[in-house]
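Student: Could you walk me through this structure? I am new to it and would like to begin with the sheet.

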Amino acid sequence: MSAVKFYLTALWGEEPREAEQDPILYTFNSKEERDAFCQGADEMAGWLGADWKRHDEYKTFKKSEFANWREDD
């Protein structure tokens, strides 16, 4: 039996396209760990910008699925 994992995929930065940033997948052992990470990221995001997706199974996202990705820049 495998342990349940919790995931978060983040695209960091206000202009990730300019920085050629790719989404980063983080894996957590509990929902509480993931929530604590998100709380810290929420505090930081006001300064640097970010968007993330919380998910309960492994998944990849296209850059265009993040709010801070702009195709027209």
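Tutor: Two strands pair if DSSP finds at least two bridges between them, and strands (E, at least two residues) and helices (H or I, at least four) are DSSP runs numbered from the N terminus. This is a predicted model, in which local features need pLDDT of at least 70 and side-chain atom pairs count only at pLDDT 80 or more, while totals for chains, interfaces and linings use all residues. Residues are numbered from 1 along each chain as its sequence is written, and side-chain values use heavy atoms, with hydrogens and water left out.

Student: OK, what is the order of the strands in the open sheet?

Tutor: The three strands are arranged β2-β1-β3, and their pairing is antiparallel. The edge strands are β2 and β3 (50-55), each of which pairs on one side only.

Student: And how many bridges join β1 to β3?

Tutor: There are six bridges between these antiparallel strands, and Ala10 has Trp52 in β3 as its bridge partner.

Student: Changing topic, which residues make up the largest nonpolar core?

Tutor: A nonpolar core is a set of buried Ala, Val, Leu, Ile, Met, Phe, Trp, Tyr and Cys residues joined through side-chain atoms within 4.5 Å, where buried means under 20% relative accessible area, exposed over 50% and partly exposed in between, with a 1.4 Å probe and protein chains only. Here the largest one has seven residues, namely Phe6, Leu8, Ala10, Phe28, Cys38, Ala41 and Trp52. Its largest share, three residues, comes from β1.

Student: How many aromatic pairs are there in the whole structure?

Tutor: A search finds seven of them, where rings of Phe, Tyr and Trp (its six-membered ring) pair if their centres lie within 6.5 Å, and planes under 30 degrees apart count as stacked, over 60 as edge-to-face and the rest as tilted. For Trp12 and Phe37, the ring centres are 6.4 Å apart and the planes are at 65°, so this pair is edge-to-face. Because Trp12 lies in strand β1 (residues 6-12) and Phe37 in helix α1 (residues 31-48), the pair ties together parts that are 25 residues apart in sequence.

Student: Is Phe37 buried or partly exposed?

Tutor: Phe37 counts as partly exposed, because its relative accessibility is 27%. Phe37 also forms a tilted aromatic pair with Tyr26, at 4.9 Å centre to centre and 40° between the planes.

Student: Which residues form one aromatic cluster?

Tutor: The cluster is made of Trp12, Tyr26, Phe28, Phe37 and Trp52.
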